[in-house]
Amino acid sequence: MADDIRPHEGDRNPGFALPDSTGTVVRPEDFAGRRLIVYFYPAAFTPGCTTEACDFRDNLASLQAAGVAVVGISPDSVERLAEWAKAEQLDFPLLSDEDHAVAEAWGAWGTKVVGGEERVGLIRSTFVLAADGTVESAEYRVDPQGHVDRLRAQLAA
């Protein structure tokens, strides 16, 4: 995806209406008045994604205390997300974007290099939305290791 199509600081977020691991549809508007971390990850039950999700889980209380909510989005099915949430005790919304239309709209779907091979897929990306829903920050090709600590420092959480 071309960089000029990606949401940037100050842009209105592209939105989403996706089912979570319980089948409930979640939208950015559900978090109006709070900052929202929207993070895209490639697949449940993989090492990097599990590291990142468990890091969010372990720091959720401090993020929430700072007025920040978290949602994760992947191309996994609702059923797979439910299994992963239960296995890892993930207590924040995990959203299913099976056709990756939302990832595409947010610039989180495109060409990436995995194991030295170029392929098309989900690009680990994180957005912080301001309380009014505008994009406060956008980060692509995120390293899951230490990611939540960097966000907490950025958000003073």
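How many aromatic pairs does the count come to? In this predicted model, the count comes to 11 aromatic pairs. The legends below present several of these residues and their surroundings.

**Figure 1. The largest nonpolar core of the model contains 22 residues.** Within this core, the residues with the most contacts are Ile37, Tyr39, Phe56, Trp84, Phe92 and Leu94. At least two core residues are supplied by each of strand S3 (35–40), helix H1 (47–65), strand S4 (68–74), helix H2 (78–88) and helix H4 (147–155). Helix H1 provides the largest share, 6 residues. Apart from this core lies another one, of 21 residues, which includes Phe16, Phe31, Trp106 and Leu122.

**Figure 2. Phe40 and Trp106 form a tilted aromatic pair.** A pair of aromatic rings is described by the distance of the centres and the angle of the planes. For Phe40 and Trp106, the distance is 5.8 Å centre to centre, and the angle between the planes is 50°. The pair links distant parts of the chain, 66 residues apart. Phe40 lies in strand S3, whereas Trp106 lies in the loop between helix H3 (101–105) and strand S6 (109–114). Phe40 is buried, with a relative accessible area of 0%. Trp106 is likewise buried, and its relative accessible area is 0%.

**Figure 3. Phe127 and Tyr140 form an edge-to-face pair.** The ring centres of Phe127 and Tyr140 are 5.5 Å apart. Their planes meet at 85°, so the pair is classed as edge-to-face, because an angle over 60 degrees places a pair in that class. Phe127 belongs to strand S8 (residues 125–129) and Tyr140 to strand S9 (residues 135–140), so the pair ties together parts that are 13 residues apart in sequence. Phe127 counts as buried, at 0% relative accessibility. Why does Tyr140 count as buried? Tyr140 has 18% relative accessibility, and buried means under 20%.

**Figure 4. Arg6 lies over the face of Tyr140.** Arg6 is placed at 3.8 Å from the ring centre of Tyr140. The ring of Tyr140 is also the partner of Phe127 in the edge-to-face pair.

Note on methods: Residues numbered from 1 in each chain as written. Predicted model: local features only at pLDDT ≥ 70, side-chain atom pairs only at ≥ 80, totals over all residues. Heavy atoms only, no water. Core = buried A, V, L, I, M, F, W, Y, C linked by side-chain atoms within 4.5 Å. Buried < 20%, exposed > 50% of the residue type's maximum accessible area, 1.4 Å probe, protein only. Helix = DSSP H or I, 4+ residues; strand = E, 2+ residues; numbered from the N terminus. Phe/Tyr/Trp six-rings, centres within 6.5 Å; stacked < 30°, edge-to-face > 60°. Lys NZ or Arg CZ within 6 Å of the ring centre and 35° of its normal.
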